[in-house]
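User: I would like to learn how to read a protein model. Could you take me through a few features, with the general idea before each case?

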Amino acid sequence: MRARPLLFFSGGSALKEVSASLAAQGESAVYLMTPFDSGGSSAVLRHAFAMPAVGDIRSRLLALSGLDAPCVALLNFRLPDDEDAARAALTALTEGRHPLWQSVSQPVFRRRVLDELRRFAAFMPAAMPRSRACVGNLLLAGLYLRHGRSLNAATSLFARLVRARGIVHAVADANAELWVRLADGTTLCGQHRFTGKFFPPVCSPIQAIGLSQPVAASPAALRWIRRARLVCYPPGSFFSSILATLLPEGIREALATVDCPHVFVPNPLPDPELQGHTLADQLRILSRHAPLTHLLLDTATSRYAGPVPLDWLHSHHVRLIVCPLLHPDGRLSPALLADALGRVRL
């Protein structure tokens, strides 16, 4: 990638359609992901192998994939909920007789996935749960274990396997946990405990977020930050997706050296993590972790929490851009966001 890229600090699925659209347009883009998720299939792998989370990385790479639909479906496939059925399905996959293989017509891809699945099966503890495991996550975990427990190496190899049309990196290669402190004094440890997906949404506003141990930023992530022509903090879970990627040591310092627009695009949809927080609160919190030069909002500003804080923006020299960004149902339009970002200048 020779052109200076758009750089997104991005966690989960909120940017999936946008990243796929940018890839289809041939836009140079880099996505820095959180490896600190602690729920679902990633949590089982983290517990079994003391490794970072790989689910968000797998999801973003497959959104950028140049493979055909059956190959992507195979890597996104989740084993059944029932444990016995899941073990049987994994055996069928590693033996090449699962029905999913019938639609995979690329022999090189088929051989490589079969080889990696079989190798990973040899690492799996007998007692490790298989239910709801994602095939792509298993492959990434196997690559991680076989290549010196390097998340960067595993991500790069998986990216080549899926012919990713964009760059994806974890912000850090560390098995750490996110914690948050609520306004009522409660501290919750583990991303899954405050996202509203695995536990009930938090009932008191989140006041602070951190990591369970000191974590250094990935050298590759720091290099891409310094090359960026625009940095975007996009829609997504505010604390567990956006702020989580800014926590490793070195990220904030690297961002401060980049002379380019730093654009916050708030989530217009309800975010369980933002209970009790207005748009002004989000800006104040984000500005403590990263530089900001622009706030990008849809013309329907009533979709955001609270009024636009014009005085705060003026006093912090943050430019407000209001333009169409959303579909009528409130979903982000990939084409409109890409167009808007392309017009942002310092």
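Predicted model: local features only at pLDDT ≥ 70, side-chain atom pairs only at ≥ 80, totals over all residues.

User: How many helices and strands are in the chain?

Analyst: Helices (H or I, at least four residues) and strands (E, at least two) are DSSP runs, numbered from the N terminus. Here the chain has 14 helices and 10 strands. Its radius of gyration is 20 Å, close to the 20 Å that the globule rule gives for 346 residues, so the chain is as compact as a globular protein of that length. That radius is taken over C-alpha atoms, and the rule is 2.2 Å times the number of residues to the power 0.38. Along the principal axes, the C-alpha atoms fill a box of roughly 65 × 45 × 40 Å.

User: What percentage of the residues count as buried?

Analyst: Buried means under 20% relative accessible area, exposed over 50%, and partly exposed in between (1.4 Å probe, protein chains only). Of the 346 residues, 56% count as buried.

User: Which residues does Ile225 contact beyond its neighbours within four places in sequence?

Analyst: Contact means heavy atoms within 4.5 Å. With those neighbours left aside, Ile225 touches Leu7, Phe9, Leu32, Ile251, Ala254, Leu255 and Val258. Ile225 sits in helix α9 (residues 219-227) and is buried, at 0% relative accessible area. Phe9 is 216 residues away from Ile225 in sequence, but their C-alpha atoms are 9.9 Å apart in space. Across the chain, 74% of the contacts with a separation of 6 or more are between residues 24 or more positions apart.

User: What is there to notice about phi at Ala50 and His317?

Analyst: Most residues other than glycine have a negative phi. Ala50 is not a glycine, yet its phi is positive, about 50°. Ala50 lies in the loop between α2 (40-49) and α3 (55-63) and is partly exposed, with a relative accessible area of 43%. His317 also has a positive phi, near 55°. The loop between α13 (310-315) and β10 (319-322) holds His317, which counts as exposed at 68% relative accessibility.

User: How does a cavity differ from a pocket?

Analyst: On a 1 Å grid over the protein atoms alone, a cavity is a set of points where a 1.4 Å probe fits but cannot get out, while a pocket is an open set with protein on both sides within 12 Å along at least five of seven lines; lining residues have an atom within 4 Å of a point. Grid points are joined across faces, edges and corners, and a volume is the space filled by probe spheres set on the points. The search finds 1 cavity of 30 Å³ or more, and the largest cavity has a volume of about 40 Å³. Its lining includes Pro234, Phe238 and Gln282.

User: Which residues lie nearest the centre of the second largest pocket?

Analyst: They are Ser13, Ala14, Leu269, Arg331 and Leu332, out of 14 lining residues. This pocket has a volume of about 260 Å³. Helix α1 (residues 16-24) gives the largest share of the lining, 3 residues.

Terms used
Residues numbered from 1 in each chain as written. Heavy atoms only, no water.
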